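Let's take a walk through this model, starting with its pockets and ending with a sulfur link. Keep the viewer open as you read.

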Amino acid sequence: SMLGRSCSAFGALQAVLGSLLIDTLLSCLPIPPANDTTESLGADGFSHQLIDEVQKRFVDSRGRVDYSSLQADPAALDHYYNLVAAHTPDTDPDLFPSDRHRLAYWINAYNVAVMKAVITHYPITSVSDVKPPPLLSLLSEQSGFFYFQRLIFGGETMNLYDLEHKVIRVRFEDPRIHFAINCASLGCPKLPTEAFHPDRLEQQLQRETVRFLNEERNLRVDDEARSVHLSSILSWYSEDFLGWFRSHHPGVETPTLLDYSRLYISGDRLADVERAQREGYEVVIEPYDWRLNDQAADY
C-alpha cells in the first residue's frame, strides 16, 4: 500500500540519518592517550624531554617528519601525549610558573597533538584527507582534521582549531607563535629538530621567525612583475602581526605586513623589500600548500 511504502521509506530515511548521526558523533570522539596510566612527572616538574627526543629522531632539516617510522614506534610521542593529557598550565599552574613556561607548553602540546592526529590516520597525503562527518562536508576541506579531531589536554577534550584560536592566540600576544606551531603541511613553518623549551624560548621564537621570513617560498620579491609574494600565514593572521607592530612602533600608524617582515630580514633581501615598498609593488598572497610534510613523499 501507499502508506506501507511511505512508512518503509521513512524508516529507511531514519536509518540513514541515524547512521549519519553516529558517524558524526564517532568522528568527534577524542584521540585517547596510548594507555590509561598517567605519566609521572620528573624531579624537574613538567619536562619536554620526550617530545624533544621525538623531534630529534623523526624530523629532518627540511622540517619533514618520518611519519611511517613514528607510527611504528610511537612510544616517546605517546608518553609525552600522556603528560599533556594529564597536565596543563590551567590544571597545574605551579608546574608552569611563568609566561615562557606556559607558552612553551602550549606550542609543544599543539605540535604533539598534530603528530598524534596524523599517525592516527596515516597513511595520508594531506591533512585534508581526514574528512569531516558526512553531514558537515560543506565545511572547509581541512575541518575534518582541525575541527573534528579532538585531543585531550589536562583531562579536557579540545580540537586543534580551538587550541590555536581560543587558547594560544588569546593568551599570548607574540605573533612569532605562528612560526612555531606546525600544522603538518608543506605551507607551514618548518618543524624544528628540537622541542621548544622555556629557558630558550625567546631565542627559539626569534630563530624560527627569521628562518620562515628568509625562505623564498614565504617572502619573494619579483621585480619583473613588480610584486612581492607572501605566505598565506601572514595574511590569515595579519591582525596579530600588525597589532603587535603598532604596539611596539607607536609612531607608525598604518603598518603593513612588509613592515613587520622587514624586522627579521637583512642584507640584499631587506634592500629588495625596501625597494619594493618604495616603488609600490603589489603584494600577492600565495596559495597554501596543504600536502603532508612527510619524509616519504616524493615532492
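How many nonpolar, polar and charged residues are there in the lining of the largest pocket? By class, that lining has 14 nonpolar, six polar and one charged residues (Ala, Val, Leu, Ile, Met, Phe, Trp, Tyr, Cys and Pro count as nonpolar, Asp, Glu, Lys and Arg as charged, and the others, Gly among them, as polar). Before going on, note that this is a predicted model, in which local features need pLDDT of at least 70 and side-chain atom pairs count only at pLDDT 80 or more, while totals for chains, interfaces and linings use all residues. Residues are numbered from 1 along each chain as its sequence is written, and side-chain values use heavy atoms, with hydrogens and water left out.

A pocket here is an open set of points on a 1 Å grid over the protein atoms alone, where a 1.4 Å probe fits, with protein on both sides within 12 Å along at least five of seven lines; lining residues have an atom within 4 Å of a point. Its volume is the space filled by probe spheres set on the points, which are joined across faces, edges and corners. The largest pocket comes out at about 420 Å³. Of its 21 lining residues, Phe146, Glu164, His165, Tyr237 and Trp290 lie nearest the centre. Two or more lining residues come from each of α6 (143-146), α7 (160-171) and α9 (232-236), and α7 gives the most, with four. (Helices, H or I with at least four residues, and strands, E with at least two, are DSSP runs numbered from the N terminus.)

The second largest pocket holds about 220 Å³. Its lining of 13 residues has Arg217, Asn218, Glu286, Pro287 and Asp289 nearest the centre, and divides into three nonpolar, five polar and five charged.

Now for the sheet. Three strands make an open, mixed sheet in the order β3-β4-β5, where pairing takes at least two DSSP bridges between two strands. The edges are β3 (219-222) and β5 (282-285), each pairing on one side only. Strand β4 (residues 227-230) runs parallel to β5 over four bridges, and histidine 229 has valine 284 in β5 as its bridge partner. Helix α12 (residues 267-278) packs on this sheet and touches β3 and β4, contact being heavy atoms within 4.5 Å.

Last comes the sulfur link. Counting pairs of cysteine sulfur atoms within 2.5 Å gives one disulfide. Cysteine 183 and cysteine 188 form it, with sulfur atoms 2.3 Å apart, and at -90° about the S-S bond the link is left-handed.

Methods
Axes fitted to C-alpha atoms, helices over the stretch in contact; angles between N-to-C directions.
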